[in-house]
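I opened a new notebook page for this structure. The entries below follow the order in which I looked things up.

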Amino acid sequence: MKLLTTIGAGILTGALLAGSAFSASETAQSFQVKNRFRVGWDNNVYETEKDTQDSFKIIEELEFLLNLDLEQTFIGARYRPTFMYWTDRDPDDTDFQHEADLVFSHNFTPRLSLNLKETLRIAELPELMDRGNLARQKSDYTYNLLDGVFGYRMSDATRVELGGRYTILRYDEKPFSDTDDYDIYAVGATLRHQLQPETALSVDLRYEQTEYRVLDERSSDSIFGGVGLEQIFSPNLVGSIRGGIQQKSFDDSHIGDESSPFGDISLTYLPSPKTRITGGLGYSLFEADVYPFASQDRLLSYVSLSHDLTARVQLFLAGSYQKSKYHSDQALNDPELVGIDGEEDVVQGSARLSYMVNRKNYLEASIQYMDFASDLSQRL
Amino acid sequence: MKRFFMSMTMLAVGALMCVGSSSAFAAEKGGASGASAEEQAKLVNEGELAQWLVRVLGLSRFLPASPTDLDCFAILMQNNIMPRDGWSQERTVTMGNLARVVVLALGKQSEVENQDNDESWVDYLKSSGIDFGTIGEAIDNLEPLPQPVGHEAIVISTDPLSKLSRINPPDNQQLGADLSTFGRISSRIIRRTDLPHIEQIIRRPGTAPRPPPMTPTTGGHPGVI
């Protein structure tokens, strides 16, 4: 925890000092404080398969935003504390969480740039129920993600990027800290070429290492090789597709290596000036949510629609579907859980209506729906 | 293995910085010696404008650290900000399109009378006291969007350098609609054999208390058989 705090504070302070070192005359600054009060309804606050518990929720968010736009450098900082209250979520009906984001972008020369992104989350996962029983209670966590990318423009059409990412997840309490605390290191290179004004191609190579701090048997290394295509199909339709092969090696000798294709596709379509539709689908091996598994095959998809009913009233709809497959040969060698495998499905839907009183004040109402089904619980 | 990759990355970054510096120096030198004024005064294209806009409008946090132009186009479209004929990576920014995206980013589009005419967008900005001759001056009038939308809860990217982890605060939204990142994370699977031994906390509707079962009697005084 101390390490995370030090990293986050160091990066934020360093970026702000670097920003202030530039000439004030070249600086465009903006500082905003925003307040947001939300009321919503959630049909399944414990994320259970059966005996779902619904609740109204009240969310109060404060947001502090700072932008420094310098001649060659941009710094954007954001901090948002949030208080949440559920009317019917025993035994813990409140959450207090923190989100901080920092974006740093600097052009060393017209060709060479550095982009850094720091993401810090201190929050709590909601209680998780299984057949009416508490499967997860104390789950306060700290999550920190540091991204960095050097980009070099070789020509007007061709660009090469070298990137790195360091992710930390720490739970405050056992048993989650024993099984789920991890560090993830990732590095990679991308070569991107603008084939035509509407079409860009890319090839990339990635290496990722996932290290669980205590339960080291869940750790793994992965190498990814991928190609991507970005396309502007028409003025109101853009999309991208990326795919390739992933080779994953687990630290636990009991679990064999795994090769799998991965891919994702995403589309954004504006059928009219008042309507926006976005959808996407991705498939890959992913970190396992459930102990004792070391990996899952995850299919994740979503579609969303937003529509301006009037100049002041907006409607937002979103739905998502996730399928997770857990294989017995990717489970740790736990004698009590030998041979267990299965699938889990999550369907979510949401609607929000927003009325703009003025540019700084909005009234909102939302409903949220979740349906969860698991083979794993049925088989145990 | 990890050290090897980290070392290679450091070396590559160092080499890139050296190459970048020397190339830029050569370009500046050439520009000073013989390039025309037109070449030196490079016009800004819509790809560069989009990169600028996502930072100023506070949309960067929804995107990877180094977003592509198309990443920027997509999220600007999701926030209803686009030039008249859509985004194009290489098209030079015109005054009409610049005025249009600035007005859209300010959320004032309903106040523009003739929206098919580029001049109307420029005139609207001038009538609002926003005068601009360059893109920088126009951007200076912008602030982070009051309610930006983006991919927070569900990110389908499979790229280790841009994917979303499996964890996220529960109040997040997906392009404006409340949606949670499903947090199945659990240190154990509950088995049927565990069920009687662990805490039950879901409050189901209680059943009305029943009277205790009556003891059958054969008659006479209670308790006397």
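Entry 1, a hairpin in chain A. I looked up how β10(A) connects to β11(A) and found a hairpin that joins them through 2 residues. The model is a predicted one, so I read these strands as part of a prediction. The two strands β10(A) and β11(A) pair in the antiparallel sense, over 14 bridges. On its other pairing, β10(A), which covers residues 182-196, is joined by 12 bridges to strand β9 (residues 158-171) of chain A, and these two run antiparallel.

I then followed a row of bridge partners across the strands. A:Gly163 has A:Gly188 in β10(A) as its bridge partner. A:Gly188 in turn has A:Arg206 in β11(A) as its partner.

Entry 2, chain A as a whole. I noted 3 helices and 19 strands for chain A. The chain has 380 residues, and 41% of them count as buried. Among contacts in chain A with a separation of 6 or more, 52% come from residues 24 or more positions apart.

The domain assignment of chain A gives domain 1 (1-173) and domain 2 (233-380). The contact between them takes 12 residues from domain 1 of chain A and 11 residues from domain 2 of chain A. On the domain 1 side, strand β1 (residues 28-42) of chain A gives the most, with 5 residues. I sorted the residues of that domain 1 side by type and got 2 nonpolar, 4 polar and 6 charged.

I picked A:Asp345, which lies in strand β18 (residues 342-358) of chain A. Is A:Asp345 buried, exposed or partly exposed? A:Asp345 counts as partly exposed because it has 15 C-beta neighbours inside 10 Å. Leaving out residues up to four places away in sequence, A:Asp345 touches A:Lys323 and A:Ala373. I also checked A:Asp345 against A:Leu162: they are 183 residues apart in sequence, and their C-alpha atoms are 36 Å apart in space.

I turned to helix α4 (residues 69-78) of chain B, where 10 of the 10 residues are buried, so the helix is largely enclosed by the rest of the structure. The buried residues include B:Asp69, B:Cys72, B:Phe73 and B:Gln78. What do the buried residues of α4(B) pack against? I found β11 (199-212), β12 (220-234), β13 (237-250), β14 (258-272) and β15 (275-286) of chain A, together with α3 (46-56) of chain B. Just after α4(B), B:Asn80 takes a positive phi of about 65 degrees.

I ended with the division of chain B into domain 1 (41-148) and domain 2 (151-182). Taken over C-alpha atoms, the centres of these two domains of chain B are separated by 26 Å.

Key. Residues numbered from 1 in each chain as written. Chains lettered and ligands numbered in written order. Predicted model: local features only at pLDDT ≥ 70, side-chain atom pairs only at ≥ 80, totals over all residues. Helix = DSSP H or I, 4+ residues; strand = E, 2+ residues; numbered from the N terminus. Buried ≥ 20, exposed ≤ 12 C-beta atoms within 10 Å, placed from the backbone. Contact = placed C-beta atoms within 7 Å. Domains from an automatic or database assignment. Nonpolar A, V, L, I, M, F, W, Y, C, P; charged D, E, K, R; others polar. Pairing = 2+ DSSP bridges.
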